[in-house]
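Could you look over the following notes before we discuss the model?

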Amino acid sequence: MTSPRNPEAPWLDLPDVAQPVELVNANVSIDDLVDLPVGSALTLARITPDGQLRTTRWRDTGRLGFYPASSIKWATVALTLGLIDQHGWGLDTVIQIGDDPALSLRRLMASTIILSSNTGFCTLHELVGTRETHQAMQRWGIHDSVVRRHFRRPTYTHSREIKVYNNGRHTQTLEARPPFDAPDPPIHTQPTSGGKGKSNWYTTDDLTRLAAATLAGTTRQTRFFNHFANWLALTNHCYVADGLAEVTASEPARPPFIVLNKPGWWPGSGSVLELGYIHDVNRQADYAFAMYHEGTLKDAHRNTKQAFASIFRAIHQHRLDL
């Protein structure tokens, strides 16, 4: 028997999704519902009660590679949650890497998700480790993507010595770790001038696997998982949520939605990525998604809103069954 849904935190009751995460083709087309510029990509998956991801893609773009910007920070914070439990730390545990400022894990994680802090991300990724990040990605079924410490320093894959403080006392030291070379794709490939080379490289299929693996996998069992979900609910923009709000406004049943989201934006071109989770309250249905929009920020806002408004309006009008 399934546990009753927590209406304020439905992600706590998601079905277990097996790892590595497999995407099952739903044989449903959304091509006539979505209009995006060439070079864009969209993967949408419904997480079924038995833990499958029934998946549809706009123009089969799920394996199109692109520079993901800040959405990669989702994985880093999720992995930090596991490290906290492994070492018995708390949110107010303070870490200092090399000569960098000493900061609490709470501040680092919250600022990385909510404010998209590059400083927070670099610190947490060095704490987690590049090798360990790639090992986790392989467990999750992510094989076409690569994460590095920071897009400005794509060859920085080592970790310096890390000092840990609890209640003002130095309680632990983590040894420095050597650089890591990922064999495929090559981790030392330099980014292109627009930043969209393989400094960090993802596909919407892999990002959808990431969302499912962390929200409906072992990360959900960590002590501070609900903090992670709350931070995702407070991110600095969510064009997908704007589109769902149009469905709420226009449909007679006024369907409400809960959205957890991590956006990424590349200022060199205005391209935008959104990675997230949607709970459709009226239908008691759960979705994982990733959408990359090639082009300007203004167009990304308009087209993302239109895409998700059209898809979920079709779902609620029984024209689309995912």
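The points below take up these topics in turn.

1. This is a predicted model, in which local features need pLDDT of at least 70 and side-chain atom pairs count only at pLDDT 80 or more, while totals for chains, interfaces and linings use all residues. Residues are numbered from 1 along each chain as its sequence is written, and side-chain values use heavy atoms, with hydrogens and water left out.

2. Two or more lining residues come from each of α1 (73-87), α3 (118-128) and α4 (130-140), where helices are DSSP runs of H or I with at least four residues and strands are runs of E with at least two, numbered from the N terminus.

3. One cavity of 30 Å³ or more is counted, a cavity being a set of points where a 1.4 Å probe fits but cannot get out. The largest cavity has a volume of about 40 Å³, and among the 11 residues lining it, Tyr67, Ala69, Trp266, Ser271 and Tyr292 are the closest to its centre. Strands β8 (257-266) and β9 (271-280) each supply at least two residues of this lining.

4. There are seven aromatic pairs in the structure, where rings of Phe, Tyr and Trp (its six-membered ring) pair if their centres lie within 6.5 Å. The rings of Phe66 and Tyr292 have centres 4.3 Å apart and planes at 5 degrees, so this pair is stacked (planes under 30 degrees apart; over 60 is edge-to-face and the rest tilted). Because Phe66 lies in the loop between β3 (53-57) and α1, and Tyr292 in β10 (residues 285-293), the pair ties together parts 226 residues apart in sequence. Phe66 is buried (under 20% relative accessible area, with a 1.4 Å probe and protein chains only), at 3%, and Tyr292 is buried at 3%.

5. Leu124 lies in helix α3 and is buried, with a relative accessible area of 0%. Leaving aside residues up to four places away in sequence, Leu124 touches Thr76, Val77, Thr80, Leu105, Leu108, Met109 and Thr112, contact meaning heavy atoms within 4.5 Å.

Conventions: Buried means under 20% relative accessible area, exposed over 50%, partly exposed in between (1.4 Å probe, protein chains only). On a 1 Å grid over the protein atoms alone, a cavity is a set of points where a 1.4 Å probe fits but cannot get out, and a pocket is an open set with protein on both sides within 12 Å along at least five of seven lines; lining residues have an atom within 4 Å of a point. Grid points are joined across faces, edges and corners, and a volume is the space filled by probe spheres set on the points.
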